Amino acid sequence: MTIQFNTETFRDDYSFKNSDWAIQRFPFPFHEDSYMYSVNMEQHRGGPKGSVYEKRFDVDEHYLSEMKDRALVLADDPLRCQSLPHMTLAGWDLLELIMVSKSEDYPDLFELHRDGDTWRWINKPMGIDDTFTFLDETSLPYGPMEYITRQAQGDFCVLDQRDDNLWMDAGMVTTQADWSLDFDIGMNFFEWHAPVPLAHEKGIFKRALKFLLNIPQGAPARRLNWTMTVNPLLDTSPENYHKWGIQKTTLTPENIGAKQHLRVELQSFFRLPRSNALVFPIRCYLIAFQDIVKSPKWGRRLHRVIRDLPEELATYKGFIDNRPMMLDYLSKYDDGLPTSPGVFPENETEPPLQK
Amino acid sequence: MSAAPQKVKAGAEKIDVTVSAVVQLNELVTRFEFKRRDGKRFPTFSAGAHTVVYMNDGGTQRLNPYSLMSDPADTETYAISVRRDDQGRGGSLFMHNNVKVGDKMEITYPVNLFSLDLRAKKHVFLAGGIGITPFMAMIAQLERSNGHWELHYSVRTKALGTYVDQLTTTHPNKVNIYYDDQSQTIDLGKLLDGQPLGTKVYVCGPKGMIEWVHKSAAAAGWPDTSIHSEEFTAPQPGKAFEVRLCKSNKTITVGENESLLEAMEREGVDAPFLCRGGACGQCETDVIKSDGEFIHRDHWLEPEEQGKKIMPCVSRFIGNSLEIDR
Amino acid sequence: MSKFQFPESIQSRPVYGTLEPRPGKYHLIIADAEGAEAILDLSEQDATLMANAHIIYIPKGSKLGDRLKALRPAQYYEGPSYQAAASRIERVLASAHMGTQIYLTGTEGLIGQAMRDCINAGLPHTAIQTEHRGSVARRMQCVHCKGITEDVITDPFECSHCGLNLFVRDHYSRRLAAFQGVCIDAEDPGNVPEKVELYK
């Protein structure tokens, strides 16, 4: 399949834009007009053709620009990619998983040739053609996890499974929604989720952990998470918060449609074979409010979700101060008509905006 | 949650295999080797993993987990070693008496509940009898990665010393054998004294041996998380059972190897689901009436809800009758 | 008695217990300041423990060192700071064996740093006993410059490395032995709330 790759930025002049194709396939996360946490796991075995759910690791028009942004983040702060010593084997597992998946799912873009332990990996969009020895770190320019995740969209957390728990022992984290790998590396599932309000009391994490511990080889799972970001800024890290936090205050009623973005994470969970670790890819998709409201259903629904969201969640997700302005804007796109269940926009059947 | 939650089996995938070798090692233990029927490679695995072998024993389905003893890097052949248990439920007897080279069988993808702790500075393996099998794979993996290990292997007699010759020849400095009939026992006190920080102990053998190691280690001041042990619990798809679906006005039979959710789907009933793994709550179903026992295998229901509700994606029922609100 | 009742908090915040004698062939006890009181309490529960104990004590002005010496541990060290003691601790852990019991007591900073070093040497953190005594000041890592500020007792506080005003989070890292500090006035530069003493 041919993808037209954008040349765009996720910082400074923020030239990021979604094409119509990207907008209609955006992973809108709300299947009803309200939102609360749930263990919303499902099997990650394909999805509607052309959707972000179809392939194991979705590649879209933002691929090259995102990889460029990642390289900039890493040059500025190498601590965004770390791997505790025992996780190298898991890194190789991840490298194999991504190379095999992408070469099978996008044969026009990626090729993998294996002759015993001698592997040749061709990444056409990035102009990479490397031959290396599988399981020999010295034959690659970076450790295996860093090597392959510099070529794959989204963050990757590699979790060691031991003592009936998962441990965040390695990761490539440059597009995170405000958490620090350098701080959290080494923590277990409950510890790294400690700051999330309400969810612990609801037993969400206990149930989610049990499900994740039981994910076997060959049966990956996925779920969606979401938050809000002003400007299409991928690197909303705590490390740089003292620089980007101020951008939240630059919203005006005139610019909010273009600047306020819904940020959705498509998270997946794959069991890794040699290490028995679990990889947790967190793929970030951004969409401006003005593009969301092009779909009447999404416009109606987003208004209602944001309006009725508990204060603790809006605070934890960082947009409590901007919520009034967001609602002023979104209410223009909510005519009170009912919305169909499910996440898809259904533009053919949903009534147009009656306002 | 997408608009297209996928209807697929959430358990370990199955692989069609042919039995490529049956090697009797001694009076009690036979090794079985498998090759894939489709010519593809087996998935690689982490040492300590097991596969579940499906057996059709004259109409009775049996599922037994067996440790994969082959080298994890060997993706052409999987090997298990089965100890004949004349007092067991019949799985090992079936393997020994019925399975021949060329037979077609089904096994699952590897699942690992007994993995190596890759942080360990040293791995100490304690094997009793057939408990040697996971360590064969672990030793292969650690040899490849230059890990530090030693094996202490207790066997009944020389004749029943499965793989003793192979192990002592290949690794003379790291393998210690103890013959019961010569009253040789593992000197656990000495073994647990003087090990470097970061040593992990793995024990696989009879229940009594496992308990003895845990107790001795605790008495010597070892943290319990440094002792890893594996006890096999056979996975149950369980017996077939009948269910009346009140809303759909149907009575269906849930087969041995399908879940209640899958049976409903097979019968064309549109039942809600999401994770298919007992954790998300989406398939929660009210029980209208029941006369029998529930086998709740989910992580969702509170204790007081069990029996009043059931999670069809993973849980089952045994008894005279069950009516649910679907 | 200098034990503080920490308010209930999030899952990553360490929770301390009460030291008790446990079976083992060697007992490594690391403490600072009022932690000595907990060691004295421990010894009362089982005096035989001391024959195989190594006490590493950082008095920080307390006069309890002599009472610890009087317990006649197999080894005794008194040092001016954790940093000064660190290489000794590293050496001891390098040749320690499984079956060593670890007891950490005193300030959170002492406990955290010693815990970090024991974990790096190969012990699971769940096996290490801890008891808090004395000051409730925290070690804080500035998430922006990665510098650690010691003995933080107010919220907010200034990073001793980069000068940013940081608010105190309960989110804690065993690996860094520190709580997380995040810029408090990023969204309204200069608007820094009044300092409030921790736990008041």
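Predicted model: local features only at pLDDT ≥ 70, side-chain atom pairs only at ≥ 80, totals over all residues.
User: What makes the radius of gyration of chain A agree with that of a compact globule?

Analyst: A compact globule of 355 residues would have a radius of gyration near 20 Å, and chain A has 20 Å, so the two agree. Along the principal axes, the C-alpha atoms of chain A fill a box of roughly 65 × 45 × 40 Å.

User: What makes a residue of chain A count as buried, and what percentage of the 355 residues are buried?

Analyst: A residue is buried if 20 or more other C-beta atoms lie within 10 Å of its own. Buried residues make up 46% of the 355 residues in chain A.

User: Which chains are in contact with chain A, and what makes two residues count as a contact?

Analyst: Two residues are in contact if their C-beta atoms, placed from the backbone, lie within 7 Å. By that criterion, 34 residues from chain A and 33 residues from chain B form one contact; the chain B side has 19 nonpolar, 10 polar and four charged residues. Chain A also has 18 residues in contact with 18 residues of chain C. On the chain A side of this contact, helix H6 (189–192) and helix H8 (241–244) are the elements that give two or more residues, and the classes are nine nonpolar, six polar and three charged.

User: Where do the domains of chain C lie, and how many residues does each give to their contact?

Analyst: Domain 1 spans 26–132 and domain 2 spans 138–197 of chain C. Their centres, taken over C-alpha atoms, are separated by 28 Å. Domain 1 of chain C gives eight residues to the contact and domain 2 of chain C gives seven.

How values were computed:
Residues numbered from 1 in each chain as written. Chains lettered and ligands numbered in written order. Nonpolar A, V, L, I, M, F, W, Y, C, P; charged D, E, K, R; others polar. Helix = DSSP H or I, 4+ residues; strand = E, 2+ residues; numbered from the N terminus. Domains from an automatic or database assignment. Rg over C-alpha atoms; globule rule 2.2 N^0.38 Å. Buried ≥ 20, exposed ≤ 12 C-beta atoms within 10 Å, placed from the backbone.
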